Amino acid sequence: WVVRLGGRDLEFNPWAAAAGGFGISFVGSAMGVGGGFLVTPFMASVLLFPMFLVVGTSLVALMIPLTVSVLTYLALEVRMDWTLIAVEVPGILAGSLLGPLLNRYLNEKALKTFVAAVLLAIGVYYLAF
């Protein structure tokens with residue numbers, strides 16, 4: 001398929017996108033981590049989307065499995081820490097507003113390198129603890 005965005009034609013395989021979405025949702029929900037750390041590198045490395053498209057698309061794509069996971073945990077009567085959620089929300093809002101503004105000024109390679117470094121740090125942390 002071809003998606004036209006900002007005057008650019010972006011080609012991708014919808015079957016690869018669907019398979020990746022299934023695999024990432026499965027692994028993320030099984031591990032209890034949401035899968036967001038897998039979506040960004042998948043879209044940038046496998047689907048070969050530019051980073052400005054990857055960030056927004058991955059956030060929208062994650063809304064569905066995250067909503068299902070939250071509803072599942074609520075159905076299982078898992079206790080929510082509403083104080084922690086209230087403390088996190090301002091940071092989430094600030095990051096969500098400032099991130100796209102910063103994305104405009106970073107070049108593609110620098111952004112991918114930064115994401116790779118963050119993912120490596122997360123992987124090392126998971127292995128260590």
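This is a predicted model: local features need pLDDT of at least 70, side-chain atom pairs count only at pLDDT 80 or more; totals for chains, interfaces and linings use all residues.
**The whole chain**

Start with the C-alpha trace of the protein chain, which spans about 45 × 30 × 30 Å along its principal axes. Read from the N terminus, the order of elements is β-β-α-α-α-α-α. The chain has 129 residues, and 17% of them count as buried. Among contacts with a sequence separation of 6 or more, 53% join residues 24 or more positions apart.

**Helices α1 and α2**

Select residues 14–31, which form α1, and show α2 with them; the two helices pack at an angle of about 160°, and their axes are 9 Å apart. Helix α1 is therefore roughly antiparallel to α2, as the cut-off for that term is an angle over 145 degrees. The crossing of α1 with α2 is right-handed.

Now show the side chains in the contact. From α1, pick Ala16, Ala17, Gly20, Ile24, Val27 and Met31; from α2, pick Phe37, Leu38, Val39 and Phe42, which they meet. By class, these residues are nine nonpolar, one polar and no charged.

**Helices α2 and α3**

What angle do the axes of α2 and α3 make where they cross? They cross at roughly 140° and come within 9 Å. The pair therefore counts as oblique, since the roughly antiparallel class takes angles over 145 degrees. This crossing, too, is right-handed.

On the α2 side, the contact is made by Gly36, Val39, Thr40, Met43 and Ala44; on the α3 side, by Met51, Val54, Thr57, Ser58 and Leu62. This contact of α2 with α3 has six nonpolar, four polar and no charged residues.

Zoom in on Thr40, which is found in helix α2. Is Thr40 buried or exposed? Its relative accessibility is 18%, so Thr40 counts as buried, the limit being under 20%. Leaving out neighbours within four places in sequence, Thr40 is in contact with Met51, Val54, Ser58 and Val115.

Move across to Ser58, in helix α3. Ser58 is buried as well, with a relative accessible area of 4%. With neighbours within four places in sequence set aside, the contacts of Ser58 are Val39, Thr40 and Met43.

**The nonpolar core**

Next, select Val39, Phe42, Met43, Leu47, Phe49, Met51 and Val54. These are the residues with the most contacts inside the largest nonpolar core, which has 14 residues.

Centre the view on Met51 and display what surrounds it. Not counting residues up to four places away in sequence, Met51 touches Thr40, Ala44, Asn103, Glu108, Leu111, Lys112 and Val115.

**A distance to check**

Select Ala61, which lies in helix α3. At 41% relative accessibility, Ala61 counts as partly exposed. Draw a C-alpha to C-alpha distance from Ala61 to Val39: the two are 8.6 Å apart in space and 22 residues apart in sequence.

Most residues other than glycine have a negative phi. The last two stops are exceptions to that pattern.

Go to Leu48, in the loop between α2 and α3. The phi of Leu48 is near 60°, a positive value in a residue that is not glycine. Leu48 counts as exposed, at 62% relative accessibility.

Then select Glu77. Where does Glu77 sit? Glu77 is in the loop between α3 and α4, the latter covering residues 82–103. Although Glu77 is not a glycine, its phi is positive, at about 60°. With 72% relative accessibility, Glu77 counts as exposed.

Terms used. Residues are numbered from 1 along each chain as its sequence is written. Side-chain values use heavy atoms; hydrogens and water are left out. A nonpolar core is a set of buried Ala, Val, Leu, Ile, Met, Phe, Trp, Tyr and Cys residues joined through side-chain atoms within 4.5 Å. Buried means under 20% relative accessible area, exposed over 50%, partly exposed in between (1.4 Å probe, protein chains only). Contact means heavy atoms within 4.5 Å. Axes are lines fitted to C-alpha atoms, for helices over the stretch in contact, and angles run from 0 to 180 degrees between N-to-C directions. Helices (H or I, at least four residues) and strands (E, at least two) are DSSP runs, numbered from the N terminus. Angles under 35 degrees count as roughly parallel, over 145 as roughly antiparallel, 65 to 115 as roughly perpendicular and the rest as oblique. A crossing is left-handed if the near helix is turned anticlockwise from the far one by less than a right angle, and right-handed if clockwise. Ala, Val, Leu, Ile, Met, Phe, Trp, Tyr, Cys and Pro count as nonpolar, Asp, Glu, Lys and Arg as charged, and the others, Gly among them, as polar.
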